[in-house]
Amino acid sequence: MIKISSTTKVLGILVLFLNLFSSAAAFARLQSGLLYDQWYTVAMNKTQIVAYYNERVDVTPSEISVHVQMFKKNSAGVVVQEHIEAVAKNDLGLTPIRFQSVTDALKTNGQFVGNTLKLRSVPKSGSIREKQIGVSDTAFLSALLPVWVSLRFSGLNIGQPRPLNSIIENNPDFEYRGV
C-alpha cells in the first residue's frame with residue numbers, strides 16, 4: 001500500500017479547490033444551501049485507484065461546514081474510512097468553530113473558544129488526551145481552503161502575495177498549530 005503524505009494530500013486538494021473556485025462568484029451567490037458535493041478518485045500511475053474522496057460544503061447564514069470522507073485500503077488490505085468535519089463562522093475570516101477528524105487510529109475533536117483550541121483525542125489504543133493550544137486570530141481550518149481561496153483571491157493581482165494560516169485538522173504531527 002502506498003502512503004500518501006499529508007503534504008501531498010493538501011497539495012492535491014489545493015489543486016482541486018483552485019479549479020473549483022477560480023472566482024468568488026460561486027460562493028457569493030450562495031447564502032444558504034449546498035455549495036457542492038463531489039466525488040474524486042486518487043490513482044497511482046493513472047490506472048490503479050488507491051482511494052475515493054467525497055467532499056461536501058454546506059452554507060447557512062451563520063456557518064459553513066465541510067465534510068470530507070476518504071475510503072482507502074490500509075496495509076492489511078482492509079478498506080477504511082477517514083472523515084473530517086470542519087465548521088466555521090460564515091464570515092470573511094472563516095473563524096473556526098469546531099472540527100472532528102476520525103481515522104482508523106485516532107479520533108480528535110477540536111473546539112475553538114476565542115483564540116484557544118481545546119482538543120480531545122481518543123486513540124484506538126491508549127489513553128484519552130486533552131490539551132489546549134493558542135491559535136492565531138487569522139487561522140482557518142484547512143478543509144475550508146476552497147472557500148478561503150474564493151473569498152481572498154478574487155481581487156488578487158499576479159505576483160501579489162497572500163499569506164495564510166491554516167490548521168490541518170487530521171495531522172497531529174503539527175500539533176494542530178497553524179501552518
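This is a predicted model: local features need pLDDT of at least 70, side-chain atom pairs count only at pLDDT 80 or more; totals for chains, interfaces and linings use all residues.
View 1. Asp 58 is buried, with a relative accessible area of 17%, whereas Arg 56 is partly exposed, with a relative accessible area of 29%. The pair belongs to a network of salt bridges that links Asp 37, Arg 56 and Asp 58. In total, the structure holds four salt bridges.

**View 2. The salt bridge between Glu 82 and Lys 72.** The side chains of these two residues, Glu 82 and Lys 72, meet in a salt bridge with an N to O distance of 3.2 Å. This pair links distant parts of the chain, since Glu 82 belongs to strand S4 (residues 79-89) and Lys 72 to strand S3 (residues 63-73), ten residues apart. Glu 82 is buried, with a relative accessible area of 12%, while Lys 72 counts as partly exposed at 22% relative accessibility.

**View 3. The salt bridge between Glu 130 and Arg 120.** Here the closest N and O atoms of Glu 130 and Arg 120 lie 3.0 Å apart in a salt bridge. Glu 130 in strand S8 and Arg 120 in strand S7 are ten residues apart, and the pair links distant parts of the chain. Glu 130 is exposed, with a relative accessible area of 60%, and Arg 120 counts as partly exposed, at 37% relative accessibility.

**View 4. The open sheet of eight strands.** The strands of this open sheet follow the order S1-S2-S3-S4-S5-S6-S7-S8, and their pairing is antiparallel. Strand S1 (33-44) and strand S8 (129-134) stand at the edges with a single partner strand each, so one side of each is left without a neighbour in the sheet. On average, and with direction ignored, neighbouring strands of this sheet are turned by 10° against each other. Within the sheet, strand S6 (residues 106-113) and strand S7 (residues 116-123) run antiparallel and are joined by eight bridges, and Leu 106 has Pro 123 in S7 as its bridge partner.

View 5. Trp 39, Ile 49 and Tyr 52 make a nonpolar surface patch of about 340 Å². Of these residues, Ile 49 has its place in strand S2 (residues 48-59), where Ile 49 is partly exposed, with a relative accessible area of 42%.

View 6. The buried residues of H3 are Leu 145, Pro 146, Val 147, Trp 148, Val 149 and Ser 150. Ser 142 lies in the loop between strand S9 (140-141) and H3, and is buried as well, with a relative accessible area of 17%. When its neighbours within four places in sequence are left aside, Ser 142 is in contact with Ser 166, Ile 167, Ile 168 and Glu 169. Across the protein chain of 179 residues, buried residues make up 35%.

Technical notes:
Residues are numbered from 1 along each chain as its sequence is written. Side-chain values use heavy atoms; hydrogens and water are left out. Two strands pair if DSSP finds at least two bridges between them. Helices (H or I, at least four residues) and strands (E, at least two) are DSSP runs, numbered from the N terminus. Axes are lines fitted to C-alpha atoms, for helices over the stretch in contact, and angles run from 0 to 180 degrees between N-to-C directions. Patches are made of residues with over 30% relative accessible area and no salt bridge: like charges are joined within 9 Å, nonpolar side chains (Val, Leu, Ile, Met, Phe, Trp, Tyr) within 5 Å. Accessible areas come from the Shrake-Rupley method with a 1.4 Å probe; for residues, only the protein chains shown count as cover. Buried means under 20% relative accessible area, exposed over 50%, partly exposed in between (1.4 Å probe, protein chains only). Contact means heavy atoms within 4.5 Å.
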